[in-house]
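Q: Hi, could you walk me through this one? I'd like to ask things as they come to mind.

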Amino acid sequence: MSARRNPLIVGAGPAGIRAAQALVRAGLRPTLVDEAPRCGGQIYRQPLVEDGRAARVRYGSEADKAERLHRGFAALDGRIDYRPQALLWNLRDGVADITRDGVNHRIAHDGLILATGATDRVLPLPGWTLPGVFTLGGAQIALKAQGCAIGTRVVFAGSGPLLYLVAWQYLKAGVRVAAVLDAAPLSAKSNLWRGLRLAPAIVLRGLRMATELKLSGTGLHFGVTAMRMEGEARVERVAFRAGGRAHNIACDGIGYGLNLRSETQLADLAGCAFHYDARDRAHLPIREISGRSSVAGVYLAGDGARIAGADAAEAAGERAALALLEDRDLPFDRVRAAALERTLLRIDGVRDVLEAAFPYPTHWAGDIADETLLCRCEEISTGEARQAIKDFALIDINRLKAVSRIGMGRCQGRVCAAAAAELLARETGRDGASIGRLRAQAPIKPIPLALMTSDQPNEEQHDQAH
Amino acid sequence: MTRRIDADVAVIGGGLVGSSAALRLRTMGFSVVLLDKGFCGAQASGVNYGGVRRQGRPPEQLPLSQRSHAIWPHLKALIGIDGEFLRSGHLKLARTGPDMSTLEAYATHFACFGLDLELIGHNQLRERFGITGNVVGGSFCPGDGHANPRLVASGFAAAARCAGVKVLENTPVTGAVRNGDGFTLEAGEVMLKAPVVINSAGAWADAFARDFGEPVPLQRTYPSMVVTEPLDPFLGVNIGMEGGGIYARQVARGNVIVGGERAQPLTDPDYSRPRSDGVLAIMRRASDLFSGLRHAHAIRFWSGTEATMPDNNPVIGPSSTTSGLIHAFGFSGAGFQIAPGVGDVLAELVRDGKTSTPIEAFSIRRFKNVAATPV
Amino acid sequence: MPLLHRLSRINHAAVGFTLDGVACEGRAGDTVLTAILCNVERVRSSEFGGAPRAGFCQMGACQDCWVQCEGGERLRACSTPLTEGMRIVTTRRA
């Protein structure tokens, strides 16, 4: 029997960890690449050093899940080829380019599980580049992984369940939460009744969080519009409209986000077919419930393919590993696969409820002033984007990038592309699907020009058993 | 339901050559339809290195290149934007003594073309240009420079549209025949009739040439570019290398663009991606050559499809088989600077049947007995 | 006033670094971003407009927090652990 190369897993969050465990149980030795120094992804991110805080303090109600995953990963020590603090910046024909400490390694692999996770989705707002304005995820990471608050008097703004979770976590950490500004109308929360049957724990927890925030004196505002972040050298105030009138709240830190967006660059480089997903309002790689993508040997798991949360990521990671085993003609637990799929379907139903209760503010994109910066990296204003759309009769987002520079900066559109897409759709009267999707390019993150190449021209990882 | 359009001139291919010809023809008073199978300027015209240079071209290209040279400073008046054109000068480096001799010979032989070439020694390279790597000398052309290919290509197409050219994007021409006293082109739901057709379809032009009985040995090549993050200005000149291997320029915003390797086509040969060993090699070469790049990061790579002829000269001029058909393709990775001039020449050919700029060397007839690229 | 406020690791081992030539302290376990922002209000000025920037996503995605060291090296502050003796500059173009 000829030796096959080892599979490659990208991402050591809940999806990647479960995938690695399943492959190891089946006797394989996957390579696992992750940018962080320790496993956990963002949701279960670990501090760089022990800081004396208990898991329950750091991860709240999810502490048990976090600890199980961290312990489970630790048990894989010596049984996987683990590459932390490594960036996978290019993929082509079964070979991945990975940089670590200024050295590039080429990893040949057979089977690829992408568990690349998500980041916050945002729309540009006046003052959003001010120091002290972080994403909701960023505010959460500062607290969770670095034990720091982003201010002494913090406002949380945007939409999605994360908004309330992070605000509440700050409250519990003893930080003054000045206000929670929800772009969604209060009436949307009535959708949570549907969730009571599907996921009572989540709904009740959310209600408790909102109640505790309210009781602590935090102002909860709904249907927020016309938000402006103000300040000189850093954020000092946030202005907005809600309840039919103008508000202005002093603050020294803002956590801001509008739901999440999937990191799909590697799926794009791997040649996966994409489609427009109406619920996530994004072009996403096509994925079966098994985790199989449109490309043989490439599997997608977790929020990196579609937003579904950490529990779904665990199930999807394991399910994708089982698909990989099946495709290698190795024995796999069919019953377990079916159970995982049932879990994924159930969670999908919960996501529908959450989406209805915490809707994305589709109306916000229409209110962005010309002066507001759209692309942070290249400092292109919304007005410049509108002008380019007109001058060049643009109807495609890649052409918008080509002539306006939006998406050409270091972040390669991670922060601005979703907003640029909404703007382009609005200005041209088209929908999100037809304006196209921003093509990913290598390197998916900046890499040093002076990269050394590793001594081994092609590190072939041979799987001994199969 | 087929829509019939009649025009004086149909231009197949909305890259820089086709767009500039369409614009020029329109200002001469012709009705023009410009077709592109995708978005105008998205192919070679928009993904090339961006060098605007005469230096280094073979002598047969120099009159055309000089004609174009006169147009570049007037882009703002012509198409409304300057396309970030910078008259930075072009510095062609020599790695070895023999390479330097080649540069010296070029400067001597083609002095009559008015390029004002200045030969530079090793020490001056460091003092004047900050070049510290392993090079023995160079040849400097002060009037050359660089521009932003995406802006220029899209800009010409937009200007053509504004001038009244009918621009049909995402409209591939699926059939072209000569009948009666003109041509009939089928493109999507459009049936276009025109007495004159310009074939400026880039890497796809050989199919049309073949349709009219004059196949050509066109090859596709895929350039590979590396772009850095914005950096403090340190490179004020467009750099090339005798013998190839690296070219680099720094734009006003600070990004450095470096090319010199070839990319690879994907399964669909209309798309390509830089090879990672190619970009790694170029990145190392660049950081060795310029101390200003030592700590810089690459933030994106790009590639695209260019059309190359075996003698590295384009095909420009009337068809050898069919009256009313004019070819302009195969610019072999060196089309950006000369394209505006080519557009003017094509317009003259349509209006007058001849052009004041010598283009005989680019005639399609030279491939008459050469084996064409297999289908 | 600093942007970030410590709630833990306050008494962890100090890690010395310089910020624009001025001696500063972080704590063991800090990222460079945390260390800088526990001392000052910005990590860099934006390249094209000069406006102050201090990071955004904390997870290595937005690329807003790139800083330079005195020797010209560049690092992404939120994903780089602070080490003793780093010499960070915030006033030059990132």
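Q: How many Å separate the centres of domain 1 of chain B and domain 2 of chain B?
A: The two centres, taken over C-alpha atoms, lie 30 Å apart. Bear in mind that this is a predicted model, where local features need pLDDT of at least 70, side-chain atom pairs count only at pLDDT 80 or more, and totals for chains, interfaces and linings use all residues. Residues are numbered from 1 along each chain as its sequence is written, while chains are lettered from A and ligands numbered from 1 in the order in which they are written.

Q: And which residues go to which domain in chain B?
A: Domain 1 takes 3-49 + 150-217 + 310-367, and domain 2 takes 85-144 + 220-308. Such bounds come from an automatic or database domain assignment.

Q: How many residues does each domain put into the contact?
A: Domain 1 of chain B gives 14 residues and domain 2 of chain B gives 14 residues. Here a contact means that the C-beta atoms of two residues, placed from the backbone, lie within 7 Å.

Q: What classes of residue are on the domain 1 side?
A: The side of domain 1 of chain B that touches domain 2 of chain B has seven nonpolar, seven polar and no charged residues. Nonpolar covers Ala, Val, Leu, Ile, Met, Phe, Trp, Tyr, Cys and Pro, charged covers Asp, Glu, Lys and Arg, and the others, Gly among them, count as polar.

Q: What about chain B as a whole, how many helices and strands?
A: Chain B comes to 10 helices and 23 strands. These are DSSP runs numbered from the N terminus: helices are H or I with at least four residues, strands are E with at least two. Buried residues make up 58% of its 375 residues, where buried means 20 or more other C-beta atoms within 10 Å of the residue's own (exposed is 12 or fewer, partly exposed in between), with C-beta atoms placed from the backbone.

Q: Switching topic: which residues have the most contacts inside the largest nonpolar core?
A: They include A:Ile113, A:Val154 and B:Ala10, in a core of 303 residues. A nonpolar core is a set of buried Ala, Val, Leu, Ile, Met, Phe, Trp, Tyr and Cys residues joined through C-beta atoms within 7 Å.

Q: What does B:Ala10 touch?
A: Leaving out residues up to four places away in sequence, B:Ala10 touches B:Val33, B:Leu35, B:Phe183, B:Leu185, B:Leu192, B:Ala194 and B:Val197.

Q: Now chain C. What pattern does it follow along the sequence?
A: Chain C reads β-β-β-α-β-β-β-β-β, with one helix and eight strands. Its radius of gyration is 12 Å, close to the 12 Å that the globule rule gives for 94 residues, so chain C is as compact as a globular protein of that length. The radius is taken over C-alpha atoms, and the rule is 2.2 Å times the number of residues to the power 0.38.

Q: How many residues of chain C are in contact with chain A?
A: 33 residues of chain C are in contact with 36 residues of chain A. The chain C side divides into 15 nonpolar, 11 polar and seven charged.

Q: Which strand of chain A pairs with β1(C)?
A: Strand β11 (residues 148-149) of chain A, in the antiparallel sense over two bridges; pairing requires at least two bridges found by DSSP. Within β1(C), C:His5 is the bridge partner of A:Ala149.

Q: And how many residues are in the contact of chain B with chain C?
A: Chain B gives six residues and chain C gives five. The chain B side has one nonpolar, three polar and two charged residues.
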